[in-house]
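Colleague: I would like to learn how to read a model like this one. Could we go through it feature by feature?

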Amino acid sequence: MGTLLAPPLAWFVLLYLAALAVLFISAFWSLDAFTGKVVHVWNLDNFREVFSNPTYRHIAYRTIGIAALVTLTDALLAFPFAYFMARVAKPRTRTFLFVLVLLPLWSSYLARIYAWRLILAHDGALNWSLGKLGLPTTGVAYSNTAMWIVFSYVWLPFMILPIYAALERIPDSYIEASRDLGAKGWTTFRRVVLPLALPGVIAGSIFTFSLTLGDYITPILVGNTQFIGNVVYRNVLGLSYNLPFAAAYATIPLGVMAAYLVLARRTGAFEAL
Amino acid sequence: MNEARRRFAGRAALAVLTAALCVVAAGCGGGGGGNKSEAKLPDSIGQGEGSLSLVAWEGYAQDQWVKPYEQETGCKVKRKYAGSSDEMVTLMRSGAGYDLVSASGDASLRLIRGKDVRAVNPDLIPDYDNFIEALKSPPHNTVDGVHYGISLQWGPNTLLYNTEQVKPAPTSWGALYDPKYSGKITVPDNPIQIADAALYLSKTQPDLGIDDPYELTQEQLDAAVALLKKQKPLVKKYWALASDEIDLFKNGDATIGASWPYQTNTLQADKVPVKDTIPKEGATGWADTWMLSSKSKHPNCAYLWMRHVSTPKVQAQQAIYFGETPANTKACKVMDQLSKGSCKQYHADAPESYFNQIKFWKTPTAECGDGETNCMDYTQWQQAWTEIKG
């Protein structure tokens with residue numbers, strides 16, 4: 001048993017935990033402005049900058065805010081869909097819906113984002129359709145709204161599947177029992193189905209929230225503002241090469257996710273994964 | 001038993017962690033040994049070493065001129081394309097054994113300061129004498145009279161506009177700060193863009209005393225940042241790739257923006273009604289340099305390459321392929337032979353005054369031109385840019 005576990009464990013420790021440790025340690029170093037090379041002197045300047053500069057605070061709030069909004073949107077969209085799949089649809093319809101949910105995941109994430117760029121562009125499909133219907137056109141391209149739409153679309157399957165798994169696991173007998181005890185449909189839903197499905201929703205929200213939090217490509221392609229990842233990316237790239245600052249800023253999403261996971265664990269969401 | 005095993009596992013994990021840290025530390029520590037760049041310059045090109053590894057802009061190492069070079073010198077060329085100046089610096093510092101890099105002016109000084117590139121002897125490049133005067137010892141690749149590379153090609157950053165939507169034709173960079181075009185403006189997503197604002201301010205607010213848009217004091221940088229912050233709500237999109245800007249103009253999201261000649265050529269070929277201009281305030285621009293890595297193991301092949309790409313024929317081929325202006329004045333004739341009118345189209349025959357209108361990209365450093373050291377360096381530019389975009 002021990003020998004079987006050793007390689008994956010070593011892999012995990014070396015590539016994952018060690019990388020995180022290095023990231024965290026280098027956040028305390030600094031950059032020599034003249035040569036552009038990292039100086040190995042311990043200091044807290046990077047963290048001070050991250051927390052005291054309103055720009056970085058604002059970018060962090062925006063990233064977390066949009067991630068939360070995307071999570072909420074996906075939960076609202078995914079729940080009825082997953083409910084229909086798990087409890088209403090016949091097996092054949094269910095298979096068909098499964099394919100529909102999974103199909104987008106077979107194509108490149110980039111291709112789908114570029115497709116949305118074409119849809120939302122000024123002369124794109126959306127404004128063309130609105131024009132044909134006699135409605136005013138929108139200027140939604142390259143805005144936070146565009147990011148919200150695209151993120152919600154891209155991560156939706158990651159919310160549907162855990163909710164589906166949770167709903168499917170609810171035994172029919174629970175619902176029958178609820179009905180036998182006189183509960184109406186809505187009461188059964190509110191007091192039996194929803195609490196049992198909640199861990200699935202939370203499991204899904206871990207995906208949608210963390211995936212949005214860490215993304216930096218969608219903001220570049222369909223948005224016009226920065227996410228935490230964009231700031232990190234710009235600092236990592238050659239010209240500034242400010243790895244210590246990038247590391248310090250990258251600990252923010254790590255901290256947010258750690259807190260989120262601790263909260264999620266309390267609700268028992270990990271049993272639904 | 002169990003206890004012992006657990007302790008072992010803990011210790012092993014610690015050992016692995018320590019090992020990982022050592023690797024990182026060693027990688028960083030190795031960067032200090034770049035003092036070889038001060039070694040004596042070669043006075044002749046020796047026998048080629050059989051191999052040459054390039055970091056280049058896409059389109060800078062085409063088979064058209066790589067194949068003849070390989071046949072002539074026996075140096076086998078390996079190419080690595082980079083998408084940005086940032087990436088180029090990262091690659092040259094990666095220690096992966098690259099010999100040459102086609103660095104733009106906003107990367108070159110950084111490479112010199114970081115001792116990532118070494119001094120070269122231009123006397124070994126016969127065509128060097130045919131270069132336009134301004135590119136023989138430009139400040140972006142020549143420091144204290146020491147040459148750190150051989151100039152290659154250059155081009156201006158232009159004002160691009162849709163001829164049907166923007167009337168009359170703009171003549172000033174002020175159009176990019178004009179609320180009239182709110183939501184229709186696009187500018188590059190690049191900290192070096194601050195220089196464009198500084199250039200505009202140097203003409204419109206002379207009391208700021210901006211002389212060189214890349215050498216800004218705190219006060220001057222603040223003024224440029226204030227102007228760019230006012231511009232921000234007018235900007236539809238900060239473009240990251242040339243193809244982004246092409247899309248924006250094609251789809252009607254933008255009608256005016258800061259651009260390169262390459263986008264104009266592509267859009268005009270697609271029948272989009274656009275034109276570009278160099279406004280009355282002048283323009284910023286890029287000038288690229290082949291620079292030799294301080295750790296290069298193939299310096300002879302590298303010199304042979306620099307000699308090869310400086311010849312009029314290769315200069316002309318590359319200028320036409322990429323849509324930029326060659327450094328070698330003798331390339332003009334070859335360009336017209338290859339594609340009629342291309343010499344004029346890419347300004348290869350333009351007088352020195354055209355070149356002098358252009359303020360070429362260079363890495364901002366703490367040193368101002370006048371010996372003062374109170375200018376804002378690139379890290380500060382980059383933080384300012386993050387702040388502007390918000």
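This is a predicted model: local features need pLDDT of at least 70, side-chain atom pairs count only at pLDDT 80 or more; totals for chains, interfaces and linings use all residues.

Colleague: How many helices and strands does chain A have?

Modeller: Chain A has twelve helices and two strands. In sequence order the pattern is α-β-β-α-α-α-α-α-α-α-α-α-α-α. The C-alpha trace of chain A spans about 75 × 65 × 35 Å along its principal axes, and 35% of its 273 residues count as buried.

Colleague: How is chain B divided into domains?

Modeller: Domain 1 of chain B takes in 45-154 + 286-360, and domain 2 takes in 156-285 + 369-389. Their centres, taken over C-alpha atoms, are 26 Å apart. Ten residues of domain 1 of chain B contact 14 residues of domain 2 of chain B.

Colleague: Which element supplies the largest share of the domain 1 side?

Modeller: Strand 15 of chain B does, with three residues. By class, that side of domain 1 of chain B has five nonpolar, two polar and three charged residues.

Colleague: And how should I read burial along a helix?

Modeller: Start from the geometry: an α-helix has 3.6 residues a turn, so residues three or four places apart point the same way. In helix 7 (residues 242-250) of chain B, the buried residues are D244(B), E245(B), I246(B), D247(B), L248(B) and F249(B).

Colleague: What covers the buried residues of helix 7 of chain B?

Modeller: The cover includes strand 8 (158-162), strand 10 (235-239) and helix 8 (261-269) of chain B. Just after helix 7 of chain B, G252(B) takes a positive phi of about 80°.

Methods: Residues are numbered from 1 along each chain as its sequence is written. Chains are lettered from A and ligands numbered from 1 in the order in which they are written. A residue is buried if 20 or more other C-beta atoms lie within 10 Å of its own, exposed if 12 or fewer, and partly exposed in between; C-beta atoms are placed from the backbone. Helices (H or I, at least four residues) and strands (E, at least two) are DSSP runs, numbered from the N terminus. Two residues are in contact if their C-beta atoms, placed from the backbone, lie within 7 Å. Domain bounds come from an automatic or database domain assignment. Ala, Val, Leu, Ile, Met, Phe, Trp, Tyr, Cys and Pro count as nonpolar, Asp, Glu, Lys and Arg as charged, and the others, Gly among them, as polar.
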